[in-house]
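I hope they are handy while you look through the coordinates.

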Amino acid sequence: MIGKIILTKKLIIVIVSIFFISNVSFAVDEGTVQSGAAFNFAAAKKKTPGDDCNKFVRKKRWKIGKNLKKNGQSFYISVGSAAMDQVWGEVGFIDSRQNAYEKAMLDAKKKIAEKFGTQIKRDLVYSLASGKFANPALQKKLDNEQKNEGKSLTDTRDMNSAFAKGMELLNRKLDEELKKTDPPKPVKTKKEAIKKAEELIARTSNFSDAIETVAQTNLYGIIRVFISENGGKGKQSSRCVVALYSDNTQKIADAIKLNDSSMFPDGKRGKNIYDIVGDPDTNEGLSKLFASFGVITKRDDKGDWNVIAYGQSEIMGDDEQALQIAIGEARKMAQGAIRTYVGESVAAKGILEKSENYKALVNNKKKVTNQKSFSEEVTSASKVLKITGFEDVFNWSLEATPGANIGVAGTVIKLSFSTMNEGNKEKDKMNNRPTGNSSNGSDRGGKSLSKSNDVDYSKSTGTRSTSGGDTKEDDF
């Protein structure tokens, strides 16, 4: 047994030595890919926009997609990323930060939509030829076919048509090259003859690849649990988000949509609302607010679920009016975030087209031409919906770039079981109408619907998210 162990160690040493001394061999399933020289992949690794968010997910022992909590409840995780268009510290970068967050969330939602079902179409064409061949009858047929069907590779025609067009395109290119060798007058010198001959194509290959994807679904109850932003003054920063939805976040979204507070899940006691969102009078609190966007759901110190929304806007001026306008814009962003949380229709479509052309000339010269096109579009649409229970938490502002006169104004609003009930009661009082038997006041297990400050709602687990990364399973 000892002899076998020693032999195994020696064998490992030999294998490791071969790996670092000779050509590198990368294992891929059943085969290998040979590299002519050693390559340090760790040193060559570049940071991508989603790195911090993926690390956060791994640190939490979660995975992208469906996860299970210890109590058996499920939740779903998606990661999205986006670049900020304006460089950090320049006029417009505050609004660009908000936009980058929205784009990153759309990226995360796109992946969820694609998970639910994606229509994919792909067309591959590869043609290889040496010399010139021509068939007048075939060429006429192809010309007529091309006129009738168009030239796009990403249509409904079959691969026979695409292959025929690829061959026809190859023929035409060969004809063009041959025409160049047909001088209007015979060559007079050996030098001219050699030059013309060198332009002839001996071999050619053409490859094209077109991929189209379409995904569409209805999403609701999606919150963000983590945000990371990388960048610095004068640089284009990147942003990533971790998006999450669970049974509880979707129950709350349903309750808001139906204006039925009885549908809110029960929750354990959490923190005071001001401890949750941050103190705007402290440096730590302002830092937390500056990093916060979108919607989170958290339990307060009474166990009441709160849908909390953040919005930011750049202050375009240095007077009070400019500040008021920025706060109004930020509030609209926060309200829009809650509307999106309640429900949206997400559609994602994209197309990737690549082509590679290879030419081998008679003088042994080779030419390779690559071309690539990519486009992607993600849309989110939310229909008009009446939402009851909005309540302001506070507004805040700061000078984002001291000395550069670039300010940011932000707002925090919330909606909860309590604020929804209060809003419905006050609305009825204002309109001088009785409450009646509407679902706005449906019984919650025989208990009173009004939640006073003395009531304890801590009965079960709930949802929570944060831009700081301290999310726990009990919080969603």
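1. The protein chain has an accessible surface of about 27,400 Å², and carbon and sulfur atoms hold 53% of that area. Accessible areas here come from the Shrake-Rupley method with a 1.4 Å probe, and for residues only the protein chains shown count as cover. Buried residues (under 20% relative accessible area; exposed is over 50%, partly exposed in between; 1.4 Å probe, protein chains only) make up 40% of the 476 residues in the protein chain.

2. A word on the basis of all this: the model is predicted, with local features needing pLDDT of at least 70, side-chain atom pairs counted only at pLDDT 80 or more, and totals for chains, interfaces and linings using all residues. Residues are numbered from 1 along each chain as its sequence is written, and side-chain values use heavy atoms, with hydrogens and water left out.

3. Please keep an eye on confidence. The chain averages a pLDDT (the predictor's confidence in each residue, from 0 to 100) of 76, and 68% of the residues score at least 70. Over residues 1-31 pLDDT stays under 50, and the model has 21 contacts (heavy atoms within 4.5 Å) beyond four places in sequence for that stretch. Residues 438-466 also stay under 50, and there the model has 101 contacts beyond four places in sequence.

4. On the overall fold, the protein chain has 12 helices and 14 strands. These are DSSP runs numbered from the N terminus: helices are H or I with at least four residues, strands E with at least two. Of the contacts with a separation of 6 or more, 71% are between residues 24 or more positions apart.

5. Which residues have the most contacts inside the largest nonpolar core? They are Val242, Ile256, Phe264, Val295, Ile338 and Tyr341, in a core of 33 residues. Helix α11 (residues 320-342) gives the most to this core, with five residues. A nonpolar core is a set of buried Ala, Val, Leu, Ile, Met, Phe, Trp, Tyr and Cys residues joined through side-chain atoms within 4.5 Å.

6. Leaving out residues up to four places away in sequence, Ile256 touches Phe264, Val307, Tyr341, Val342, Ile387, Leu415 and Met420. Another core lies apart from the one above, with 19 residues, including Ile296, Ile308, Val393 and Trp396.

7. Next, helix α3 (residues 51-59), whose buried residues are Asp51, Asp52, Cys53, Phe56 and Val57. The cover over them includes β4, β7 (223-230) and β8 (238-246). Just after α3, Arg61 takes a positive phi of about 65°.

8. Strand β7 holds Ser228, which is buried at a relative accessible area of 9%. Its side chain makes a polar contact with the side chain of Asp52 at 2.7 Å. A polar contact is a pair of N or O atoms within 3.5 Å; within protein, one must be able to donate a hydrogen and the other to accept it, and residues adjacent in sequence count only if both atoms are side-chain atoms. Beyond four places in sequence, Ser228 touches Asp52, Cys53, Ser238, Arg239 and Cys240.

9. Ile223 lies in strand β7 too, and is buried at 0% relative accessibility. The C-alpha atoms of Ile223 and Tyr341 are 7.0 Å apart, although 118 residues separate the two along the chain.

10. The structure holds nine aromatic pairs. Phe56 and Trp62 form an edge-to-face pair, with ring centres 5.9 Å apart and planes at 85°. Phe56 is buried at 6% relative accessibility, and Trp62 is buried at 10%. By contrast, Tyr101 and Phe293 are stacked, at 5.6 Å centre to centre and 20° between the planes. That pair links distant parts of the chain, 192 residues apart: Tyr101 is in helix α4 (residues 93-116), and Phe293 is in the loop between α10 (283-290) and β9 (294-299). Rings of Phe, Tyr and Trp (its six-membered ring) pair if their centres lie within 6.5 Å; planes under 30 degrees apart count as stacked, over 60 as edge-to-face and the rest as tilted. Ring pairs also link Phe56, Trp62, Phe75 and Phe226 into a cluster.
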